Amino acid sequence: MPQHDLIVIGAGPGGYVAAIRAAQLGKNVACIEQEPLLGGTCLRVGCIPSKAMLESSHLYEQVAGGLEKQGIRTTGVKLDLPEMLRNKERVVQSLGGGVDALFKKNKITRYFGHGRIDGPGRVVVQGKDGTEELTAPHILIATGSKPATLPGIELDGDRVGSSTEALAYDQVPPHLVVIGAGYIGLEMGTVWRRLGAKVTILEYLDRILPGMDSDLARDAKKLFEKQGLTFQLGCKVTGVKLNRKTCDVEIEGADSIRCDKVLVAVGRKPNTEDLGLDSVNVETDQRGFIAVNGHYQTGEPTVYAIGDVIGGAMLAHKAEEEGVACVEQMYTGYGHVNYNTIPGVVYTEPEIATVGKTEDALKEAGIPYRKGVFPFIANSRARAGGHTDGKVKILAHKETDRVLGVHIIGPHAGELIAEAATSMEFGASSEDIARCCHAHPTLAEAIKEAALAVDKRSINS
């Protein structure tokens with residue numbers, strides 16, 4: 001019976017990072033994963049392949065749409081979708097192989113199969129060649145999540161599917177209906193619109209991007225509509241009827257919408273079934289999320305959980321931070337994640353990035369704040385690159401000037417948000433950011449100008 005110091009169930013971003021950190025701390029680590037490729041949903045059918053498709057479709061739209069303003073004339077451009085999909089797979093396979101190499105480098109034992117807890121300190125691995133029992137004083141659950149659906153809608157993996165299927169359509173659907181106007185729905189809707197599909201996005205709420213700063217969400221909706229996305233907000237989808245070759249999306253109190261493909265992007269649910277949680281004192285809530293304390297311990301002190309299975313922001317980097325913090329707490333006595341400084345990014349065009357409190361949240365909590373806004377149209381690098389849509393918004397406490405939130409819609413927002421997250425992690429004020437010299441000409445100058453604007457002293461606007 002193999003014995004280890006730590007058994008990690010799941011090799012997604014949280015699990016594989018936790019396994020590596022524990023190995024760095026000198027521990028004998030096992031990691032159980034039922035998929036042949038390491039890296040989890042994020043790498044296989046999530047953030048990595050979607051970003052590959054977003055990048056490819058963006059380049060295609062740029063070239064096919066013409067670059068005459070930049071003095072570049074293109075003719076005869078055509079889409080090779082099979083090659084685009086192969087490129088996506090090459091990226092995925094390469095990165096998956098990289099995780100496998102990291103496991104070997106750090107002497108982590110990989111078990112291929114389904115892991116199920118069988119009492120404290122025991123895990124049974126069900127593989128294709130039978131079962132194997134492992135023991136360890138600590139077990140970490142990092143099994144991630146899977147796409148959720150709505151009552152009355154069954155995912156058939158063909159015409160009605162999740163983001164997994166939307167990453168692999170073998171042809172551009174003439175009309176794609178996306179249910180859900182969150183990160184995933186907008187990104188995948190953007191990919192297929194760029195490649196030629198008519199895209200209609202349905203959202204139950206009266207706004208897109210729930211949870212994001214409503215000011216930026218309004219700006220984003222206007223820009224997406226200019227690009228050709230169609231939105232129907234405040235509508236309740238009650239079902240999808242399959243015809244011989246098409247689908248009818250049924251909406252309460254409104255006409256149904258006929259389309260060729262349906263993407264259900266209404267969130268994700270935790271992978272907590274068949275983990276043997278009843279064999280230990282591990283509780284889940286009504287939605288299946290595992291309850292943990294501040295050290296990521298479950299009701300059974302030797303069993304821990306991180307990432308999507310414990311709820312909160314379902315982001316790969318959040319799971320990674322929790323994996324490191326959990327293992328360091330386990331073996332060094334200290335580990336911590338600052339949930340106020342976890343950024344989020346929507347990889348559309350323009351990108352949308354956020355960290356910290358939204359203006360809506362500050363108003364609701366009655367927290368006094370000042371706001372600094374700077375538009376990219378006034379930024380020289382954005383002008384030179386021809387990407388002037390969007391702005392940077394910095395929210396600082398009215399009395400202490402401490403930065404409470406930063407929200408960006410514009411070119412390379414996902415890269416720019418790192419400065420804001422770092423500043424907030426170190427408790428910076430808007431004055432601190434404003435006093436830092438930013439290279440010229442760069443997009444990052446927009447952050448400096450927004451920080452200056454908090455005190456009404458922006459130079460270039």
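Q: Hi! What kind of model is this, and how are residues numbered?
A: This is a predicted model, where local features need pLDDT of at least 70, side-chain atom pairs count only at pLDDT 80 or more, and totals for chains, interfaces and linings use all residues. Residues are numbered from 1 along each chain as its sequence is written, and side-chain values use heavy atoms, with hydrogens and water left out.

Q: Thanks. Which way do the side chains point along strand β5?
A: They alternate along β5, residues 122-127. Buried means under 20% relative accessible area, exposed means over 50%, and partly exposed is in between, using a 1.4 Å probe and protein chains only. Strands (E, at least two residues) and helices (H or I, at least four) are DSSP runs, numbered from the N terminus.

Q: How many bridges join β4 to β5?
A: There are 4 bridges between β4, residues 114-117, and β5, and the two run antiparallel. Two strands pair if DSSP finds at least two bridges between them. Arginine 116 stands opposite valine 124 of β5. The two strands form a hairpin with 4 residues between them, and glycine 119 in the turn has a positive phi of about 95°.

Q: And on to β6, how many bridges there?
A: β5 is joined to β6, residues 130-135, by 6 bridges, again with an antiparallel run. Valine 124 has glutamate 133 as its bridge partner in β6. This hairpin has 2 residues between its strands.

Q: Switching to helices: at what angle do α1 and α8 pack?
A: The angle between α1 (residues 13-24) and α8 (residues 316-332) is about 30°, and their axes are 8 Å apart. Axes are lines fitted to C-alpha atoms, for helices over the stretch in contact, and angles run from 0 to 180 degrees between N-to-C directions.

Q: Is that crossing left-handed or right-handed?
A: The crossing of α1 and α8 is right-handed. A crossing is right-handed if the near helix is turned clockwise from the far one by less than a right angle, and left-handed if anticlockwise.

Q: Which residues make the contact between them?
A: On α1 they include Val17, Ala18 and Arg21, and on α8 they include Ala319, Gly323 and Val327. Contact means heavy atoms within 4.5 Å.

Q: What about α3 and α6, how far apart are their axes?
A: The axes of α3 (residues 47-65) and α6 (residues 183-194) are 9 Å apart, at an angle of about 35°. Their crossing is left-handed. Among the residues that meet are Met53, Leu54 and Tyr60 in α3 and Met188, Val191 and Trp192 in α6.

Q: Cysteines next. How many disulfides are there?
A: A search of the whole structure finds 1 disulfide, a disulfide being a pair of cysteine sulfur atoms within 2.5 Å. It joins cysteine 42 to cysteine 47, with S to S at 1.9 Å. The torsion about that S-S bond is about -130°, so the disulfide is left-handed. Cysteine 42 is buried at 16% relative accessible area, whereas cysteine 47 is partly exposed at 27%.

Q: Where does isoleucine 306 lie?
A: Isoleucine 306 is in the loop between β18 (303-305) and α8. Isoleucine 306 is buried, with a relative accessible area of 1%. Leaving aside neighbours within four places in sequence, the contacts of isoleucine 306 include Ala18, Leu140, Tyr296 and Cys326.

Q: Last one: is arginine 435 buried or exposed?
A: Arginine 435 counts as exposed, at 63% relative accessibility. Arginine 435 lies in helix α12, residues 430-435. Not counting residues up to four places away in sequence, arginine 435 touches Lys448 and Arg457.
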